[in-house]
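The sequence and the model are shown first.

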Amino acid sequence: MKHSSLPPNPASNARGPALAAGVAGNCAPAGSVPAQGAAGTQTRASRPDLQEHLLGTYDRGQPGPLFIFVGGMHGNEPDGIWALQDLLADLARSQAPLCGRLVCFAGNLEALRRGDRYIDRDFNRVWSEADLARGAESGIHEFEVRAGLLAQIESEIRGVKQPVVFLDLHSTSAGGSPFSIIGDTRQNRRIAFALPVPVILGLEENVDGALLGYFGERGHIAVGFEGGQHQGADTRDNHLAAAWVTLVTGGGLVGKHTPQGKVSFDQLRKAGHGLAGVVEMRYRHHVHVREEFEMVQGFTNFDPVHAGQLLAHESGQEIRSDQDGLILLPLYQGQGQDGYFLGREVRRFWLRISTGLRVLQVGKLAPLLPGIQRVQGEDDTLDVNPKIARWWVVEIFHLLGYRKHEPVEGRLRFSRRKSWASR
Ligand SMILES: [Zn+2]
């Protein structure tokens, strides 16, 4: 199946060596402080055998952003761990003049040891408010793991004044181009659009309980990166490249001090096959019983699908697409509740418009427009009369962060997560 021809990512034209953008001044090299933990870099095995979440830190005592990079949230995705160990070793070797602090964590240690996606519950779906309230006492392995990892992350971010830059490294059971996944905020866009791979918007409305959703809701920069197929030939290198580029675009390194920045950018551009558009996630197929779900073979990420196309079988029934779009994350592994996602390309025009509207905080003014009313008592819900406000309503409201819409008594009701869209 062919890749769709996505247009260039909005930030991709003037990129390449323009990686130094966003960096707050030069950070003079300080005394030599080796990366802690890097010496423990393991020889490559298919399953990381780690005793603790902390993979290592790199900090030269210069003021700057806090970067928290995470790998191995899923036990069948070891490439992120190898890449973060590579990164720590490279930083220690090169003594790169990092402004700020980098902390690298491994996610689900026991699942990584076993090479299984998870033990009891998907570790990247246990970060919802409801699950967090259940605490560790429920006997679910991943709740216990979460308590340990969360405590360490909390102790790092406590007292940090500016948004922390989270990068969460994953891989996919299907092949295809690497891509990033973000909740659609301006600060997330800035980091994700700088990676020369496609960007998927709308994570927050389609996936409940993801690590990045949790920290994104708290106002931090949160970018997920899917580096390629599980243990694919380039997946580890793609992760490493994404990590370098994020250190630069996140304001930790000045491009000229990081030969890896340019190399990494080229690596990702090559891995992305020149695909670098923006796709809005619009549908997630939930799998209730994994054994009863079988994806049609041969899909890779970003394959175009059309309405009516057979995508999977479940409990003896055919599952067909209800829309034209692009397929994402088709499930070809033994565990998981996400059958597949469907997305739709977002044109650059709408991205520019929505950025402008957000800067102007037009979302707050929307109720002053004809045909649009705020739902009483619900700050983040608007009712739109499509007969009056008829042009591009769905497109504009989606890109203002109002991603859920449903018909209510002849009107369209749009809602968004609290305090999300203004960032
Ligand atoms: Zn994953």
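The text below covers the chain as a whole, then its sheets, then its helix packing.

**Overall make-up**

The model is predicted. The chain contains twelve helices and 18 strands. It has 423 residues, of which 48% count as buried. Taking contacts between residues at least 6 apart in sequence, 70% join residues that are at least 24 apart.

**The eleven-strand sheet**

Eleven strands make up an open sheet with mixed pairing, in the order S1-S3-S2-S4-S7-S5-S6-S8-S14-S13-S10. At its edges stand strand S1 (54–59) and strand S10 (304–305). Each of these two has a single partner strand, so one side of each has no neighbour in the sheet.

Helix H4 (residues 141–157) packs on this sheet and touches S1, S2 and S3. The direction of H4 makes about 165° with that of S2. Strand S2 (residues 66–71) is itself paired with strand S3 (residues 101–106) in the parallel sense, over six bridges. In that pairing, Leu66 stands opposite Arg101 of S3.

Further along the order lies strand S5 (residues 179–182), which is covered on both faces. Phe179 and Ile181 point to one side, Ser180 and Ile182 to the other, and all are buried. S5 has pairings with S7 and with S6. With strand S7 (residues 221–229), S5 runs antiparallel, and four bridges join the two. With strand S6 (residues 199–201), S5 pairs in the parallel sense over three bridges. Ser180 takes part in both pairings: it stands opposite Phe225 in S7, and its bridge partner in S6 is Val199.

**The three-strand sheet**

A separate listing covers an open sheet of three strands, in the order S9-S11-S12, with antiparallel pairing. Strand S9 (293–295) and strand S12 (317–320) are at the edges, each with a single partner strand, so one side of each is left without a neighbour in the sheet. From one strand to the next, the twist averages 25°. S9 and strand S11 (residues 310–314) pair in the antiparallel sense over three bridges. Phe293 has Glu314 in S11 as its bridge partner.

| Strand pair | Sense | Bridges |
|---|---|---|
| S2 and S3 | parallel | six |
| S5 and S7 | antiparallel | four |
| S5 and S6 | parallel | three |
| S9 and S11 | antiparallel | three |

**Helix H8 and its neighbours**

Helix H8 (residues 235–249) has 15 residues and spans 21 Å from its first C-alpha to its last, close to the 21 Å expected at 1.5 Å a residue. How many of the residues of H8 are buried? The count is 15 of the 15, so H8 is largely enclosed by the rest of the structure. Gly251 follows H8 and has a positive phi, near 90°.

Two packed helices are described by the angle between their axes and the distance between the axes. H1 and H8 pack at an angle of about 50°, with axes 8 Å apart. H1 is therefore oblique to H8, and the crossing of the two is right-handed. On the H1 side, the residues in contact are Asp79, Gly80, Trp82, Ala83, Leu84, Asp86 and Leu87. They meet Thr235, Arg236, His239, Leu240 and Ala243 of H8.

H8 also packs with helix H9 (residues 259–271): their axes come within 8 Å and cross at roughly 130°. These two helices are therefore oblique to each other as well, but here H8 passes H9 in a left-handed crossing. H8 contributes Asp237, Asn238, Ala241, Ala242, Trp244, Val245 and Val248 to the contact. H9 contributes Gln260, Gly261, Ser264, Phe265, Gln267, Leu268 and Ala271.

**Ala89 in H1**

Helix H1 (residues 79–94) includes Ala89. Is Ala89 buried or partly exposed? It has 17 C-beta neighbours inside 10 Å and therefore counts as partly exposed, since a buried residue needs 20 or more. The C-alpha atom of Ala89 is separated by 9.5 Å from that of Gly56, and the two residues are 33 apart along the chain.

Notes. Residues numbered from 1 in each chain as written. Predicted model: local features only at pLDDT ≥ 70, side-chain atom pairs only at ≥ 80, totals over all residues. Expected span 1.5 Å × (residues − 1). Buried ≥ 20, exposed ≤ 12 C-beta atoms within 10 Å, placed from the backbone. Pairing = 2+ DSSP bridges. Axes fitted to C-alpha atoms, helices over the stretch in contact; angles between N-to-C directions. Contact = placed C-beta atoms within 7 Å. Parallel < 35°, antiparallel > 145°, perpendicular 65-115°, else oblique. Left-handed = near helix turned anticlockwise from the far one by under 90°.
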